[in-house]
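Please read them beside the model.

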Amino acid sequence: MALEAYASRNPDAVHADVLSKARQACYKARDAFYACLDKESNKRPTEIASVGLLYPSECKNSRAEFDKHCRASWVKHFDRQYCRNRRVQRLLDDKDSRRGPLMLPQPYTFKSS
């Protein structure tokens, strides 16, 4: 219902932020921000992004550009995607170092007589 009301109010409106040039600017700003995150990954994160993503203050300018050039819903989506990819990569990279010894439950707690 809300979509119908919006469509009837603005039937021929073209949103400039979804056109090709604006999308390319958004992707460029996104890539610059995440490159800064990867480059500065050894520094202590002090800033917080939209979905709990933490980043160092050295990346504050690139984050501002990212927020300026992209829709808020896109920023949230890209942040979630980046966090998910980092988590999966960390699990794949550190698979053996993070796991403890494999302990299976014992079928019997007492010895049979």
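1. The axes of α3 (residues 60–69) and α4 (residues 72–93) cross at roughly 130° and come within 8 Å. Axes are lines fitted to C-alpha atoms over the stretch in contact, with angles from 0 to 180 degrees between N-to-C directions. Helices are DSSP runs (H or I, at least four residues), numbered from the N terminus.

2. This is a predicted model, in which local features need pLDDT of at least 70, side-chain atom pairs count only at pLDDT 80 or more, and totals for chains, interfaces and linings use all residues. Residues are numbered from 1 along each chain as its sequence is written, and side-chain values use heavy atoms, leaving out hydrogens and water.

3. On the α3 side, Arg63, Phe66 and Asp67 meet Val75, Phe78 and Asp79 of α4; contact means heavy atoms within 4.5 Å.

4. Arg63, in helix α3, is buried at 4% relative accessibility (buried: under 20% relative accessible area, 1.4 Å probe, protein chains only). Beyond four places in sequence, Arg63 contacts Phe33, Ala49, Ser50, Leu53, Tyr55, Val75 and Asp79.

5. Phe78, in helix α4, is also buried, with a relative accessible area of 9%. Not counting residues up to four places away, Phe78 touches Cys26, Tyr27, Arg30, Tyr34 and Phe66. Ser50 is 28 residues from Phe78 in sequence, and their C-alpha atoms are 10.0 Å apart.

How values were computed: Helix = DSSP H or I, 4+ residues; strand = E, 2+ residues; numbered from the N terminus. Buried < 20%, exposed > 50% of the residue type's maximum accessible area, 1.4 Å probe, protein only.
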